[in-house]
Amino acid sequence: MERSVAAVLLALVALPAPACETCRPLVRATVYDGRFLPTLGLLSAPLLVVAAIGTFVYRSDRFGSDGRSA
Amino acid sequence: MDVQPRFGPLAGAGIVLGAGLGGFVNGILLHQILQWHNMLSARMPPDTLVRAKANMMWDGYFHAGVWTMTVGGLALLWSATGRADVPHSGRTLLGGLLAGWGLFNLVEGAIDHQILGLHHVAESAPPGAKAAWDLGFLLFGAALALVGWSLALVERARAARA
């Protein structure tokens, strides 16, 4: 029993690493191309819009207890 | 001298925090567990190992962004805590959280799904169903934002009457 478990473990350890060393350079080339920064900007846009709304509400004097300026 | 209570700091902190946490719901549930879409899956379908991993990397940037929002929301919440003019109101915070989650869905759905077409909610659904899921995502966001904002307004009105 112990030998079979050890054999299975050994087989698992002997498997090729799943990190895909051969495709890693291709992945990086796909992501970090000339469109990286514009794409990052597009992805950030919704977050920036909501952050701006939240900060506006945080600082707004119009959200006092009676809705008027505090 | 009475200090007029201000609900804005708590509601604003809730909005930013709710948007960050709502972004995590999107990323964890729709990207990772259900695997309905990835960040750029409409432009770069994950049909090869390289493309799937590239989408995964973009999902990582998305998660980094919503993590930053969450930290920003915590910082705002911390700065609002303990202020004499900011009531300790759980309903206002909850309202802000729901409104933030809803706003995130609305803005992300409008920009990423409708305007830019970076991805769709259910990428592998038939075209009609794909549009319906995108619309449902927007409606869910609008409902969350309405419920959350109403909760915060009701709490403010209740405090004004007290």
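Let's start with Gly14(B), which sits in helix 1 (residues 8–33) of chain B. Keep in mind that this is a predicted model. Is Gly14(B) buried or exposed? Gly14(B) counts as buried, because 31 C-beta neighbours lie inside 10 Å, and the cut-off for buried is 20 or more. Leaving aside its neighbours within four places in sequence, Gly14(B) is in contact with Leu93(B), Gly95(B), Gly96(B), Leu97(B) and Gly100(B). As for Met56(B), it is 42 residues from Gly14(B) in sequence, and 29 Å separate the two in space, C-alpha to C-alpha.

Next, a pair of helices in chain B. Helix 3 (residues 90–115) and helix 4 (residues 127–161) of chain B have axes that come within 7 Å and cross at roughly 155°. That angle is over 145 degrees, so helix 3 of chain B runs roughly antiparallel to helix 4 of chain B. The crossing of helix 3 of chain B past helix 4 of chain B is left-handed.

Now for the two chains together. On one side there are 28 residues of chain A, in contact with 38 residues of chain B. Helix 2 (24–31) and helix 3 (36–59) of chain A each supply at least two residues to the side of chain A that touches chain B. The largest share of that side, 16 residues, comes from helix 3 of chain A.

Here is the make-up of both contacts by class.

| Contact | Nonpolar | Polar | Charged |
|---|---|---|---|
| Side of chain A that touches chain B | 19 residues | seven residues | two residues |

Conventions. Residues are numbered from 1 along each chain as its sequence is written. Chains are lettered from A and ligands numbered from 1 in the order in which they are written. This is a predicted model: local features need pLDDT of at least 70, side-chain atom pairs count only at pLDDT 80 or more; totals for chains, interfaces and linings use all residues. Two residues are in contact if their C-beta atoms, placed from the backbone, lie within 7 Å. Helices (H or I, at least four residues) and strands (E, at least two) are DSSP runs, numbered from the N terminus. Ala, Val, Leu, Ile, Met, Phe, Trp, Tyr, Cys and Pro count as nonpolar, Asp, Glu, Lys and Arg as charged, and the others, Gly among them, as polar. A residue is buried if 20 or more other C-beta atoms lie within 10 Å of its own, exposed if 12 or fewer, and partly exposed in between; C-beta atoms are placed from the backbone. Axes are lines fitted to C-alpha atoms, for helices over the stretch in contact, and angles run from 0 to 180 degrees between N-to-C directions. Angles under 35 degrees count as roughly parallel, over 145 as roughly antiparallel, 65 to 115 as roughly perpendicular and the rest as oblique. A crossing is left-handed if the near helix is turned anticlockwise from the far one by less than a right angle, and right-handed if clockwise.
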